[in-house]
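Welcome to my notebook. Here is what I looked up, one entry at a time.

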2 protein chains.
Amino acid sequence: MHFTSEQRLDGGVLEREFTLGEIPGILWTPAAASAPAPLILLGHPGGLRTMYPRLAARARHAAADGFAAAAIELPGSGERPRWAAAERARADLRRVLEAGEPVGDEIIDALILPLVEKAVPEWQALLDVLLSLPGIGGPVGYSGGVISLGVRLVVVEPRISAAVLFAGSFVPRAMFEEARQVAIPLHVLLQWDDEGNDRQAALDLFDAFGSKEKTLHANLGGHTGVPQFAGDAAAQFFTRHLK
Amino acid sequence: MHFTSEQRLDGGVLEREFTLGEIPGILWTPAAASAPAPLILLGHPGGLRTMYPRLAARARHAAADGFAAAAIELPGSGERPRWAAAERARADLRRVLEAGEPVGDEIIDALILPLVEKAVPEWQALLDVLLSLPGIGGPVGYSGGVISLGVRLVVVEPRISAAVLFAGSFVPRAMFEEARQVAIPLHVLLQWDDEGNDRQAALDLFDAFGSKEKTLHANLGGHTGVPQFAGDAAAQFFTRHLK
């Protein structure tokens, strides 16, 4: 991991851009921490630059609660190299959405499954490095979408002990089976009127999770309209489980 | 309204039993209030004596947040006179549940609609009296089930400005139309594995509510298994809207 820039944000939060191998990322750490900070991995749909304002807002909220937070670019997004199959899947998706046709399982699988395969080891490598830094300790939470990435990550990665998952992306059928293997406390956010989201699939996925503690918070509004009180409730969930 | 007994609970909360005409009820007021306290009406499924431990716990929580809280017995429950049609509907319900048959619309209508018709004016009369007491002011919230009672009450009663509704009782089809008329902020609690509850009906009812702010909190567990953090979140909802 190489830090490439750093700046202090309002409230004293330290924001550092870094590269992990070829992967760009951002790390936020709280202003003053007496003990190593617990860590929240900030999931996102890809495109660190585009997502920056929302990620930085979530990170500042996390830092105010005493958490470090970090995100890396997804494979095939932002400045990272595309691969042909993913580009084809994205083009297929655009075509059926524009035609108003239903999005078939093949498109969802082609779009999501290789992304999850590639991304999960990268987030695990990120975790290896972050947990070796002096100011950062455990426990670790995962927060955000892509929901399938979150599901796979919390199934294979025992260092993650609680997750806030955003139901807002297509879910391959195979993930429903993996969802049954999830055992950590979950807090699932569902935007009830999310244009790009299949509400029933989100409810089915919530039903499938194997966790003994799982909570669904559904709110009105579209994909980016998560109300502030819902963000606050998600933060309280992490405080309850990670501190 | 005649107060029939009073006692101080832990934390200084004043608990007073009363009768409103022939209707028994309980009023809880916070220990020390500098200004008139906002009020939460505590809905319940009937049977004040049986429900007392859970009602008192909710009232103590409300009082700790600075709210007064009150409940009255439902028509046909506890010590209040039965009426033949309601007894028939209860017997019909027991029969189909024991036979493992689906609960038909006629039974649900017979069970719930007359109860709502009778109870709503009683809760409105309670509100008239409570809001004339020196220590109690507005705004007013409704919290609990019977969910159809809550829906009708918040539609016809403009003095109620926010509601926490428990999805945990049968809902007559007619209530879905009334739900569209609900315009106040809503916080709906759904126990995902509630044996006696139709999950899909609860989701459909949530979808039908006309409110611009509505939130669904679904948690694992059965009817009486609402986790403490879900109760805390409901309390925060009232604090956000009534204080």
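**How the copies meet**

I began with the interface: 100% of the interface residues of chain A are interface residues in chain B too, so the copies meet through the same surface. Contact here means heavy atoms within 4.5 Å. I noted that this is a predicted model, where local features need pLDDT of at least 70, side-chain atom pairs count only at pLDDT 80 or more, and totals for chains, interfaces and linings use all residues. Residues are numbered from 1 along each chain as its sequence is written, chains are lettered from A in the order in which they are written, and side-chain values use heavy atoms, with hydrogens and water left out.

Next I looked up the symmetry. A rotation of 180 degrees, with 0.0 Å of shift along its axis, puts chain A on chain B with an RMSD of 0.0 Å (least squares on the C-alpha atoms of residues with pLDDT of at least 70 in both). That is how a two-fold axis relates copies. In chain A, the C-alpha nearest the axis belongs to His217(A), at 2.4 Å.
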